[in-house]
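Welcome! Please take a moment to look over the sequence and the 3D picture below, and then we will walk through them together.

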Amino acid sequence: YYRKKVWLKSSNLINCYIMRILVLGHARSGSTSLLNYIAESKGYKAINEPSNPIHPGDFTEEEIWDEDNVVVKELYHHGGGLRDNKKYEKLKASFDKIVSIYRENTLDTYESTVYALSSNNWQSKYTLNESEVKEREGSSVDKRNFLAYRKQQISALKSENFFSVTYKGLYYKGTDKKRLDDYLEITDSKGDDILDNKHRLRQST
């Protein structure tokens with residue numbers, strides 16, 4: 001998976017392993033925190049959703065597709081999803097390792113999306129009770145269609161056989177963290193706080 005650069009410094013050959021990592025998930029799956037954890041732990045540049053229409057021109061093509069020691073996060077549906085064969089082949093060829101993340105509790109992702117769409121708040125902490133969900137949901141997203149689409153996305157991510165973690169396994173049980181660290185050869189703890197579920201966006205009411 002690794003490419004190796006060797007250069008001369010103080011008359012000694014130094015080996016430096018370089019890597020490009022892709023995080024692939026769906027909305028409200030914890031993918032942003034995963035991106036930040038990997039970037040912090042590896043000392044890499046974080047590139048968040050370059051295919052998202054709200055980020056036009058934020059990153060260069062070289063940063064996205066060629067630069068070393070970067071971690072790029074994309075959402076499944078941006079740019080046509082994995083069923084866009086040309087993009088899928090380009091992804092596989094452009095990254096050394098791919099990590100997918102999904103959140104199996106689709107109802108939680110639905111309620112989180114309802115709040116985000118109705119408030120235009122995607123990254124700040126919030127509280128939301130059942131009555132507020134009902135007040136917000138009708139105007140922003142159809143529940144039945146959303147749940148069906150999210151299940152389809154999760155199924156597609158699983159079918160690709162990427163190295164994968166789940167929202168629950170990473171942020172609550174902690175069972176996926178060691179697997180992730182082993183896969184990406186993360187050996188220090190400087191990014192661990194990012195995965196602490198005290199940072200969960202939705203707070204208890």
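Where pLDDT is low, the predicted coordinates should not be read in detail.

**How to read the model**
- Residues are numbered from 1 along each chain as its sequence is written, and side-chain values use heavy atoms, with hydrogens and water left out.
- Local features need pLDDT of at least 70 and side-chain atom pairs count only at pLDDT 80 or more, while totals for chains, interfaces and linings use all residues.

**Confidence**
- The chain has a mean pLDDT of 84, and 86% of its residues reach 70 or more.

**The chain as a whole**
- You can find eight helices and nine strands here; helices (H or I, at least four residues) and strands (E, at least two) are DSSP runs, numbered from the N terminus.
- Of the 205 residues in the chain, 45% are buried, where buried means under 20% relative accessible area with a 1.4 Å probe, counting protein chains only.
- Among contacts between residues at least 6 apart in sequence, 72% join residues at least 24 apart.

**Strand E3 and its partners**
- Six of the six residues of strand E3 (residues 20-25) are buried, so this strand is largely enclosed by the rest of the structure.
- Arg20, Leu22 and Leu24 point one way from E3, while Ile21, Val23 and Gly25 point the other way.
- E3 pairs with strand E5 (residues 70-75) in the parallel sense over six bridges; two strands pair if DSSP finds at least two bridges between them.
- E3 also runs parallel to strand E6 (residues 97-102), joined by five bridges, and glycine 25 stands opposite isoleucine 101 in E6.

**Nonpolar cores**
- A nonpolar core is a set of buried Ala, Val, Leu, Ile, Met, Phe, Trp, Tyr and Cys residues joined through side-chain atoms within 4.5 Å.
- In the largest core, of 22 residues, Leu34 and Leu180 touch the most other members.
- Helix H1 (31-42) is among the elements that give two or more residues to this core, and H1 supplies the largest share, five residues.
- A second, separate core of 17 residues includes Leu22, Leu24, Trp65 and Phe95.

Note on methods:
Buried < 20%, exposed > 50% of the residue type's maximum accessible area, 1.4 Å probe, protein only. Contact = heavy atoms within 4.5 Å. pLDDT = per-residue confidence, 0-100.
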